[in-house]
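Subject: Handover of a structure, with notes

Dear colleague,

I am passing on the structure below, and I would be grateful if you could read these notes with it open beside you.

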Amino acid sequence: MSIVVVGGDHLGSIPDKLRQKGFTEIQHYQGRKVLKFKDKISCSTDLILVLTDYVGTDLAKVVKAEAKKNKLKVIFSRRSWASIQREFNRFGYSA
């Protein structure tokens, strides 16, 4: 499975935990520039994870619009793994 993570300068152990969940392709965009993000999401992406405490409102809107355009699932979560895990479970991405 493929995931795009938006937000945060450094992800720490999040990529390792995502791999444990079965994500083999992990792309990370820091989320500082809206224009750098537009049209960069591949249609083969399975999920977009937006770290809300590191993303501005404008970028969140762009991500949501890109996801809708490409018919992709989006999960909005805080950067802590507990919050990410809770959202994954809510959307059926439990290990």
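This is a predicted model: local features need pLDDT of at least 70, side-chain atom pairs count only at pLDDT 80 or more; totals for chains, interfaces and linings use all residues.

Residues are numbered from 1 along each chain as its sequence is written, and side-chain values use heavy atoms, with hydrogens and water left out.

The protein chain has four helices and four strands, where helices (H or I, at least four residues) and strands (E, at least two) are DSSP runs numbered from the N terminus. Read from the N terminus, these elements follow the order β-α-β-α-β-α-β-α. Of the 95 residues in the protein chain, 42% are buried; buried means under 20% relative accessible area, exposed means over 50%, and partly exposed lies in between, with a 1.4 Å probe and protein chains only. Among contacts (heavy atoms within 4.5 Å) between residues at least 6 apart in sequence, 67% join residues at least 24 apart.

Strand 1 (residues 2-6) is largely enclosed by the rest of the structure, because five of its five residues are buried. Ser 2, Val 4 and Val 6 point one way from strand 1, whereas Ile 3 and Val 5 point the other way. Strand 1 and strand 2 run parallel and are joined by five bridges, and two strands count as paired if DSSP finds at least two bridges between them. Within this pairing, Ser 2 stands opposite Glu 25 in strand 2. The chain passes from strand 1 through helix 1 to strand 2 in a right-handed β-α-β crossover, a term that applies if, with the strands pointing away from the viewer, the path from the first strand over the helix to the second runs clockwise.

Strand 1 also runs parallel to strand 3, with four bridges between them, and Val 4 has Ile 48 in strand 3 as its bridge partner. Strand 3 (residues 47-51) in turn pairs with strand 4 in the parallel sense over five bridges, with Leu 47 opposite Lys 73 in strand 4. Here the chain crosses from strand 3 through helix 3 to strand 4, and this β-α-β crossover is again right-handed.

Turning to the aromatic residues, rings of Phe, Tyr and Trp (its six-membered ring) pair if their centres lie within 6.5 Å, and planes under 30 degrees apart count as stacked, over 60 as edge-to-face and the rest as tilted. The count by this rule is two aromatic pairs. Phe 23 and Phe 88 form a tilted pair, 6.0 Å centre to centre and with 40° between the planes. This pair links distant parts of the chain, since Phe 23 is in the loop between helix 1 (14-20) and strand 2 (25-29) and Phe 88 is in helix 4 (residues 81-90), 65 residues apart. The ring centres of Trp 81 and Phe 88 are 6.2 Å apart with planes at 90°, so this pair is edge-to-face. Phe 23, Trp 81 and Phe 88 form one aromatic cluster, and their relative accessible areas are 1% for Phe 23, 19% for Trp 81 and 0% for Phe 88.

Lastly, Lys 71 lies in the loop between helix 3 (57-69) and strand 4 (73-77), and counts as exposed at 78% relative accessibility. Lys 71 has a positive phi of about 55° although it is not a glycine.

With best wishes
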